[in-house]
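Dear colleague,

My findings follow directly after it.

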Amino acid sequence: YRNVIYGLLLLFILTPSFFKNIEANRFHGDESWWTVIGAEYFTLVFIERDFNSEKWHSHSHWAIDQPQIGKYLIGASLWLSGGNLLLEKAYQKRRYNFEKSRKWNEDNGRITPMEVLLPVRLMMAVFGLGGCFLIFYIGSRAFNPEVGLFAGVLLGFNPLMLSFSRRAMTDAPLFFFMTTVVALLPTLLYCYRKNQKTALYGICCLMGILIGVATGVKLNGALVGLIFMAWAALLALEVFMQRNQNGVYTDSKGVEKNVTSYPDESLLGTCTTYQHKGSKLKQLSNIFAMLLVVGTTAVSTFYIASPNLYGAPISGAKEMFDYRMKVVSRQQGSAPTKEISNYPEKIKQTYIRVFAPSTSFSVVKFPTKIPLELFFFIIGSIAVCISEYQYAREHRRFSFRAFVAVWVLLVFIGITTWIPLDWHRYYLPMFPAQVIMVALGIATTWSWLYRAIRRSNTVLIDSSAN
């Protein structure tokens with residue numbers, strides 16, 4: 001019952017942070033653009049069912065600059081709140097002009113009214129709160145419920161997380177769908193190791209759909225697809241770690257027994273050799289099939305949700321990517337924040353925004369220049385490496401911890417490599433991965449200190465008795 005109690009506690013702690021006074025959250029100019037375009041394209045697809053409109057063609061900036069699913073989510077929140085009338089009202093609003101001052105935009109009616117903003121902000125807050133529960137689940141499955149609770153609280157009180165989960169923008173859904181893929185991984189591993197192929201391919205289809213949805217919210221959601229490929233490589237490495245080739249395992253009494261799947265968890269401590277059912281070639285073919293299913297469903301989901309690709313999917317996708325790169329290049333030349341063009345600068349800015357005590361969006365802060373979250377992040381990473389090395393050496397396979405560590409590593413590498421500008425929202429996908437390791441570092445440090453205190457007390461008691 002610990003997970004249930006901790007989950008209710010997390011709900012009680014975080015709900016006010018995400019929903020209280022959400023209408024008072026500072027307005028961002030992008031909110032006006034997202035609500036107008038979201039209303040327009042949701043109406044086009046779900047109300048008018050018009051998939052051949054001129055608005056889908058390349059001369060339409062918003063048809064190719066951003067993928068479609070994020071627009072549908074914003075339009076859906078408006079439709080659910082006020083039906084077609086609210087969609088029409090949102091679509092008719094004038095968009096924020098970033099070349100003018102805020103006062104000029106206010107005087108010219110370019111600040112989106114709260115009647116339009118509120119339902120979208122509420123939906124984004126639901127995604128943000130849901131993401132915290134996903135992190136709680138991942139931390140609980142990979143380590144223990146306490147680590148999951150710490151991670152959920154750290155993410156829920158992160159200033160950047162709260163800011164962009166309370167705005168009418170698509171950053172919260174992006175990280176939610178990316179994190180959901182990670183949360184489904186324990187189920188996939190269970191089905192794979194028990195050789196339950198029907199369930200396995202069903203989970204692969206679901207994960208592929210979520211990868212397609214994440215990419216359809218924002219193009220950098222495709223990073224989770226690359227991470228899935230790394231997980232598949234880790235499973236392939238397991239195949240070559242297995243000790244024997246004869247499809248049996250030997251128990252502690254030296255008796256050989258046939259294996260139809262991985263031994264149960266209760267038997268792992270007594271097994272000296274074991275092998276997954278079938279040959280190594282068959283296992284590798286299963287892994288390739290998983291990649292094929294996930295890739296096919298991800299691409300299909302993205303394609304189905306993008307009417308601008310219907311005529312020419314490959315050239316259309318390339319056009320979207322090229323146009324987005326042109327927009328980023330133009331932003332780098334005109335934005336008030338400086339361009340980040342080289343890797344040392346990208347690494348420095350990642351440290352400043354994610355870990356530095358005075359300039360980051362950290363939650364664990366004290367009046368000191370010591371980057372505590374970086375310290376705990378390193379401790380957590382070391383703890384994962386040590387425990388996973390011991391586990392893999394004993395069981396000849398990887399636990400869920402190893403897959404979480406790969407996710408954390410690739411999120412940091414992928415986002416740091418990509419960041420073109422020092423815009424705060426670009427760092428948001430790092431924090432779900434960051435808080436997992438920070439929470440583990442806090443729990444590990446506490447465990448070390450507790451054991452040290454217990455040992456010192458035992459020594460004092462023994463010396464007093466003597």
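The model is a predicted one, and I begin with its surface. Phe-46, Ile-47, Trp-79 and Leu-80 together make a nonpolar surface patch of about 400 Å². Two elements, α2 (29–47) and α4 (69–92), each give two or more residues to this patch. Trp-79 belongs to helix α4.

Helix α4 also takes part in a salt bridge. Lys-89 pairs with Glu-115, and their closest N and O atoms are 2.3 Å apart. Because Lys-89 lies in helix α4 and Glu-115 in helix α6 (residues 114–142), this pair ties together parts that are 26 residues apart in sequence. In the whole structure, the search finds 13 salt bridges.

I turn next to a pair of packed helices. Two helices packed in this way are described by the angle between their axes and by the distance between those axes. For helix α15 (residues 343–354) and helix α17 (residues 400–418), the angle is about 120 degrees and the axes lie 9 Å apart. The crossing of α15 and α17 is right-handed. On the α15 side, the contact involves Tyr-343, Lys-346, Ile-347, Thr-350 and Val-354, which meet Phe-412, Thr-416, Thr-417 and Trp-418 of α17.

With kind regards

Note on methods: Residues numbered from 1 in each chain as written. Predicted model: local features only at pLDDT ≥ 70, side-chain atom pairs only at ≥ 80, totals over all residues. Heavy atoms only, no water. Axes fitted to C-alpha atoms, helices over the stretch in contact; angles between N-to-C directions. Helix = DSSP H or I, 4+ residues; strand = E, 2+ residues; numbered from the N terminus. Left-handed = near helix turned anticlockwise from the far one by under 90°. Contact = heavy atoms within 4.5 Å. Patch = residues over 30% accessible without salt bridge, like charges linked within 9 Å, V, L, I, M, F, W, Y side chains within 5 Å. Areas by Shrake-Rupley, 256 points an atom, 1.4 Å probe, with all protein chains shown as cover. Salt bridge = Lys/Arg side-chain N within 4 Å of Asp/Glu carboxyl O.
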